[in-house]
Amino acid sequence: MPSFSALTQDSSVVFGWNEDFALTASWQYFVDNPPLRHLNFNQLWNKIYVQFRMHTELRYPHGDLCNMWNVIKAKCDEFHEIWMSIDIRVRGVLLVYILREAKDECVIDMSDAVWKLGNTLLQVMYWGVGLPLAYALCFERNWENFQRKEEEMTITPIVRISEKKLVVRDRTVLMDVPDNIISTPVASSGPEDGIFVGAVFDESKSRHVVSLGTLRDIRFLACFRFKLWWITQKMGDQGREIPLETQFLLLETKGVSQHKSDDGYEDHKVMYVVFLPLIEGPFRACLQGNLRDELELCFESGDTETKSSLFTHSLFINVGTDPFKTITDAVRTVELHLKSFRQRHEKKIPGIVDYFGWCTWDAFYQEVNQEGVEAGLKSLSEGGTPPKFVIIDDGWQSVKGGSQVQKEKLQQPLRLTGVRENAKFRNKEDPMVGIESIVSIAKEKYGLKYVYVWHAITGYWGGVHPDVDPYMSKVRYSKVSKGVMENEPGWKFDPLAVQGVGLVPPENVFKFYDELHGYLFKTGVDGVKVDVQCVLETLGAELGGRVELSRMYHQALDASISKNFADNGIIACMSHGTDALYCSKQTAVVRASDDFYPQDPLSHTIHIASVSYNSIFLGEFMLPDWDMFHSLHPAAEYHASARAISGGPIYVSDAPGKHDFELLRKLVLPDGSVLRARLPARPTQDSLFSDPSRDGISLLKIWNMNKYTGVLGVYNCQGAAWSTIEKKNTFHITGKEPLAGTVRSHDVHLIAEATSNPTWDGNCAIYCHKTGKLVTLLPNASIHVLLEILNYDVFTVSPIRKMSSEIEFAPLGLIDMFNAGGAIQELRYEGNGSVQMEVKGCGRFGSYSSSKPTRCTVSSASVQVSYNPLCGLLTLDLDRMPEESQLHTIDVEF
């Protein structure tokens, strides 16, 4: 060990100090700061190691630092003993210099200072001690902030990792957080309540799993992938219940104190904590639980050659008292951080969502042809519910395959052979005329506004055939992640895994999309449904990993859609992996769940529960599409009512001639438009953590907003769900008796936004669609509902305006339609005691009125009204549609 005199002699050269000054200053400073005399390097090492390594790997991202860190770690194992053996005055000299140099540095941005100090200290002590010592003391200075200054200036973060706990205010969410978990506060551009979380590992690998701590007795909602393509919901309150492949996690925490803190939070309020596992570089993260009730974070690249050992921003955690706002704020922060996607409200929503449509899939499956498409359009139009868009699903493309593989006796998957249509969609008289023939018929003969066609993100299910020269596709074999394989064991036998996918190289994929979409645009096609999207994550080996492949494909897809389809004509399907969600800037509509299966009695309650809970997460990125359904089906009303309040596109897949037009008229106006709600529909706040598919007691309540009203759907979804044991959807034992529940006006989460009255007292009129009953409710009052399995009800909720001491009024809308309030486009309360409304559509228009008006007019013409003084229901008939692009003007005078 160097002598003190030698060190101080060096310091006079390096520091520019004389020995007396160094001794006096350092000793005095050391005495004045007793905590620094007992610096425990062992406690700081993990934090120091992680922070220093972050800066080093950012500076040298391609360097192999393993040897370097093995040396440093070996030296630091004995460092504390060496440090304490150094003459106390020497420690003082080092402290004075380091603290002087580091006094204005922040630990997050101090890499340059650390390197400078480390290099200087090499002249004072040998390398293995000097560099970590410099960083340790700088970090200690910033971490403790000399205690006094921190007490004066530092505000305790709302979300933090402290003393091996993840703490939200005073509430412990996770216990026993490991030392290799690291957190980073949000930059000034995001909400101050959140943190990014990552981890550091000793070895670089393509897959890591780390515990985030123990989760017990806290209710959660998880959205996880039960199939490669799709997510669904799971509720519980223990870490072991969190499924593999969880992509979204919401926790409910409850406080016990009754006081209000300095920042305005009431400590006893329920607070909601959202966990968003992210993509970071070439890695994608997801959450899962284990049998020790630990919440784990899994990192995967999908490529054995794409490795890392350091992750800093792989999970974002946010907290708030409003669950929906907390989620939106979290996704907004992630967007600002990643800069690789956009939120739903920033995207152009395609025009199809405001019209009724028809999809060919369940009517024809892959046997669809031009004649079948025309028959379907004709059948719906003649019944008075004309579709204004059609999706020509799988079955129109040119593909080949089907030869037997003799050794394995497996059918080869079909692969795309070109961008043009197959023979079924070519004109028999003139084979050079292709799909433009049916497009022209649809638009000119049947008045459709939009024609979409289907294709897979890789071209077709089996990709692009290698014989198609321009694109240079190569057959690659799907390798799914461990979590997907455990949730969906049948994947090992899937043709895509066994027979492979003809993958167009990423550098050629824009050319492929542009030629495909450019051809479709020339034929009059307006958009595409892009399916099978999650297959990309299984094909990233030797291509930089799953995230990099997805990123390149989605950038090319976005560019082609933007170039070829002016209305942003794209629907994403089989795309619930976060590789896709966090890499898509253009797509604004996403299928919200697994398919509507008309022949599967298990699927119908599961479908409604899944689409609603999935929309909590998916709706932040895109407008959820709750899928097609059959209007003539035992569960038709159940599905139709849900589509009506979903906020997404409404379309059926009826076979020609098989329709329930009475039901369809509750969805579709005579001009083919629909009364679409304004937001993605989601479960009500009191439904977030109950389990309406499994618990045998809970009804599912779903809310949405119109401009001047809210809408609330209530569903009995009990009896079937995905089984964690059998790894498939199954029936389970449940009571046959109806379930009871309650409905309140404030179940519509944003109902206050439906009124412009700043003095609104919270009273609402509620109209029940099925019974036709109208009631008025005080803010804390409720009405009871009783529903059997596969049954539903829909309620229109309208804020009551007190116009005078005797007159109250609330518009309801076209009350024979599921989403009645969607018809009201404008609402004005005039000072002379009258109400003026502008209304879309035709049919029976209803309002709540505390007294019968003296006069009602429609477009200035007096009309007869019906009034029920017992409940206040006022109705009048709008017996025709207004002129195109026009609205009915209704005046109510008192």
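The points below go from the whole chain to its parts.

1. Basis. This is a predicted model, in which local features need pLDDT of at least 70 and side-chain atom pairs count only at pLDDT 80 or more, while totals for chains, interfaces and linings use all residues. Residues are numbered from 1 along each chain as its sequence is written, and side-chain values use heavy atoms, with hydrogens and water left out.

2. The whole chain. The chain has 22 helices and 48 strands; helices (H or I, at least four residues) and strands (E, at least two) are DSSP runs, numbered from the N terminus. Of its 894 residues, 59% are buried, where buried means under 20% relative accessible area, exposed over 50% and partly exposed in between, with a 1.4 Å probe and protein chains only. The accessible surface comes to about 35,900 Å², and carbon and sulfur atoms hold 50% of that; the areas come from the Shrake-Rupley method with a 1.4 Å probe, and for residues only the protein chains shown count as cover. Among contacts with a separation of 6 or more, 73% are between residues 24 or more positions apart; contact means heavy atoms within 4.5 Å.

3. A three-stranded sheet. Three strands form an open sheet in the order E1-E2-E3, with antiparallel pairing; two strands pair if DSSP finds at least two bridges between them. Strand E1 (159-162) and strand E3 (171-174) are at the edges with a single partner strand each, so one side of each has no neighbour in the sheet. From one strand to the next the twist averages 35°. Strand E2 (residues 165-168) is joined to E3 by three bridges, and Val168 has Arg171 in E3 as its bridge partner.

4. Helices H20 and H21. The axes of H20 (residues 603-618) and H21 (residues 636-646) come within 10 Å and cross at roughly 10°. H20 is therefore roughly parallel to H21. Axes are lines fitted to C-alpha atoms, for helices over the stretch in contact, and angles run from 0 to 180 degrees between N-to-C directions; under 35 degrees counts as roughly parallel, over 145 as roughly antiparallel, 65 to 115 as roughly perpendicular and the rest as oblique. On the H20 side the contact has His604, Thr605, His607 and Ile608, which meet Tyr638, His639, Ala642 and Arg643 in H21.

5. Helix H14. Ser437, Ile438, Val439 and Ala442 are buried in H14 (residues 436-445). Their cover includes helix H13 (370-382), strand E16 (389-392) and strand E21 (450-456).

6. A buried loop residue. Thr709 is in the loop between strand E30 (700-705) and strand E31 (710-715). Is Thr709 buried or exposed? Thr709 has a relative accessible area of 0% and is buried. Beyond its neighbours within four places in sequence, its contacts include Ile751, Ala754, Pro811 and Ile824.

7. Most residues other than glycine have a negative phi. Asp217, in strand E7 (residues 216-225), has a positive phi near 60°; Asp217 counts as exposed, at 63% relative accessibility. Tyr365 has a positive phi of about 50° and lies in the loop between helix H12 (361-364) and H13. At 36% relative accessibility, Tyr365 is partly exposed.
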